[in-house]
Each structure stands twice: as C-alpha cells, then as structure tokens.
Amino acid sequence: MTKQELKDCHQSITPYIHKTPVLTSRLLNEISGAELYFKCENFQRMGAFKMRGATHAILKLSEDQKSKGVVTHSSGNFAQALSLAAQSIGIKAYIVMPSNAPQVKKDAVKGYGGEIIECPPTLEDRERTAIQIQQEKGATFLHPSNNLNVILGQGTAALELLEEYPDLEYLFTPVGGGGLIAGTALAAHFYGNQCMVIGGEPYEVDDAYRSLQSGKIETNETINTIADGLKTQLGDVNFPILQKYVSEIIRVEEQEIITAMKLIWERMKIVVEPSSAVSFAALLHNKERFNGKKVGVILSGGNVDLGNLPFS
C-alpha cells in the first residue's frame, strides 16, 4: 500500500462523493479540554463514510465484472452505500440483509436501487446467502470492511481532514469491521505528522481491543450494543493494518455512547448515529490525556432511526 494508491483512490471517487465539512465546537472543546475537529461523514452521500469505499471497490472492477453486478451482506450502512454507488456507476447491486435490520435502512437500500435478499440474522446465514447469489448471478462479492479497495476508499475521509489540518496529533474513529480505522491509519501514516490513530469500541463488542491484545482475530460473545454499526468483526485484510498502524483502542460503556451522542446533537446541532458517537465517547473516556491536543474525530454516519432514539 502506497501514498500514491491512496491519492489515486481519492481522485477516482471524487466525482461520486461529497467532500464533507469539518466542524468545530467551542463548547465541546471546553468539555473535552482538547482542540477538536469533527470530520462530518454524516453529511456524506447516503449518510455515512461507507460511500467512499463502496465507490472505489466498484470502480476497480473489470467491465465484465461490472456487467454482472455486485453483492454484499450488510445490516445497514454498507448496504446503502453499495446500492447508491452501484446506481451512480450504472450497475446492479444485490444486498443480503438480516431480517432484523432496521426498516429505515431497508427502505433506504430500496430507494437507492439495491435488490434486497433477506436472511436469518446470523453471520453464517448472511455469508451463505451471499455465496448463493454469487453463484446464481455471477455477481462480485464486495466485503463491507475486509477488502483493500474498500479500506483505501474509507481512508479518504481522514486524507481530506489531514489535508485541511496537517498538524493533528490524534485521530479518533469508531471500530466495527475495521475498514474505517484501517483506512484512517493508512491516511495518518502517509499524510499525518506523527498523528496517532485511536479507535473507540463499545465494551459489549470489544473484539478489536482483544484482538490487538492477543495478536489474533477474536470474536464477540455478545452484540448487545446500541452502536448497531459496530457489531461486525475484524478481517484478515484489515487486522494486520491495525496491528501496524493503530496506536490503541479505548473501550466505552453504553451510557458513555449515549452521552457523547447527545452532546453532539445538542451542541453541534447535527444528527449522528450511535456508532458515530463512539469515537467522541472514547476521547471523553480518557480526556485528561488529550488536554490541549489537536484532535480529529471522524463522525462516521448519521443514519439513525428517529423513532428509536436512546434519549428523549
């Protein structure tokens, strides 16, 4: 992986994505003690950073592959991203979704032209159904996070942030499947000035934290977290990048996620989903360490079910 590859990736996806704003908040700076720069991927097309990786992965396919479409399994954001990216580029997207995925996300996938195939809500069922579609339709499987082209695409959010603020000392991002933090870590390595990347992860799904401790990919016993976008686990493509370039992962309680989310809604007047607030929650969890530091925080998305908010 080279700096040039990341730069080329950014250039290729630019016509299909938004360059999202970077917002600051004097009040949140006071609360955290740090100088914060929020990269607002909740303003990205389809509402999350995943549009970047999905677009790049499709653009890297051959014409023959494009003609047969793409397939993925996702409970939400990548499903929407792949649907919209495929529609933008003019190819077919088959989306395997668990039956318990939020209705708001199913509706969005349909709205972006994706064809939904429902399956029972286990990883085994999701994978088996996706393989079936590959065989039937000849579609190319694109993993939401364990794919090098997806990872490079996700890294362009941090690349944009670091081009604007090259002297950031820390970069915080949530950790789910590992695509965003792997891409962010590569961007920080290539474009940062000794910028350290820190992941935020719920205690309830702390597989990445444990994986970095043990040196092998760990799994979760529970997925009982409000951060529904972070219930997936690391893969063999992104895990080595985390091992090499991520400084640490800070775990947070469910109440800390809710508090961070509420602060962002109240103080910044923007909509972020619980998974997105985990990066800010991680910073607040240990804020004395980051006192007076220049810190980038990636707000990963804003696709929240407004009928099911964790605060009144």
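Which residue in strand 6 does valine 70 stand opposite? Valine 70 stands opposite threonine 140. The structure is a predicted model, in which local features need pLDDT of at least 70, side-chain atom pairs count only at pLDDT 80 or more, and totals for chains, interfaces and linings use all residues. Residues are numbered from 1 along each chain as its sequence is written, and side-chain values use heavy atoms, with hydrogens and water left out.

**Terms for the fold**

- Helices (H or I, at least four residues) and strands (E, at least two) are DSSP runs, numbered from the N terminus.
- Two strands count as paired if DSSP finds at least two bridges between them.
- Buried stands for under 20% relative accessible area, exposed for over 50%, and partly exposed for values in between (1.4 Å probe, protein chains only).

**Strand 3 and its partners**

- Strand 3 (residues 70-73) is covered on both faces: Val70 and Thr72 on one side, and Val71 and His73 on the other, are all buried.
- Strand 3 runs parallel to strand 4 (residues 93-98), and 4 bridges join them.
- In this pairing, valine 70 stands opposite alanine 93.
- Between strand 3 and strand 4 the chain passes through helix 5, and this β-α-β crossover is right-handed (with the strands pointing away from the viewer, the path from the first strand over the helix to the second runs clockwise).
- Strand 3 also runs parallel to strand 6 (residues 140-141), to which 2 bridges join it.

**Strand 2 and its partners**

- Strand 2 (residues 35-40) is mostly covered, with 5 of its 6 residues buried.
- Strand 1 (residues 22-23) runs antiparallel to strand 2, with 2 bridges between them.
- Valine 22 stands opposite lysine 39 in strand 2.
- Strand 10 (residues 294-299) pairs with strand 2 in the parallel sense over 6 bridges.
- Tyrosine 37 stands opposite glycine 296 in strand 10.

**Pockets**

- Pockets are found on a 1 Å grid over the protein atoms alone: a pocket is an open set of points with protein on both sides within 12 Å along at least five of seven lines, whereas a cavity is a set of points where a 1.4 Å probe fits but cannot get out; lining residues have an atom within 4 Å of a point.
- Grid points are joined across faces, edges and corners, and a volume is the space filled by probe spheres set on the points.
- The largest pocket holds about 1100 Å³ of space.
- It is lined by 47 residues, of which Ser75, Arg126, Lys231, Thr232 and Gln233 are the closest to its centre.
- Helix 5 (77-89), helix 7 (123-137) and helix 9 (179-191) each supply at least two residues of the lining of the largest pocket, and helix 7 gives the most, with 4 residues.
- The lining of the largest pocket has 15 nonpolar, 24 polar and 8 charged residues (Ala, Val, Leu, Ile, Met, Phe, Trp, Tyr, Cys and Pro count as nonpolar, Asp, Glu, Lys and Arg as charged, and the others, Gly among them, as polar).
- The second largest pocket has a volume of about 240 Å³.
- Of the 15 residues that line the second largest pocket, Ile226, Asp228, Pro274, Asp305 and Asn308 are the closest to its centre.
- The lining of the second largest pocket divides into 8 nonpolar, 3 polar and 4 charged residues.

**Cysteines**

- The count of disulfides is 0, a disulfide being a pair of cysteine sulfur atoms within 2.5 Å.
- The closest cysteine sulfur to that of cysteine 9 is in cysteine 195, 19 Å away, which is too far for a bond.
- Cysteine 40 is in no disulfide either, and the nearest cysteine sulfur, that of cysteine 195, is 17 Å away.
- Cysteine 9 is buried, with a relative accessible area of 1%, and cysteine 40 is buried at 0% relative accessibility.

**Loop residues**

- Most residues other than glycine have a negative phi.
- Methionine 46, in the loop between strand 2 and helix 3 (50-59), has a positive phi near 60°.
- Methionine 46 is buried, with a relative accessible area of 5%.
- Lysine 269, in the loop between helix 12 (254-268) and helix 13 (274-285), also has a positive phi near 60°.
- Lysine 269 counts as exposed, at 66% relative accessibility.
- Glycine 90 is found in the loop between helix 5 and strand 4 and is exposed, with a relative accessible area of 61%.
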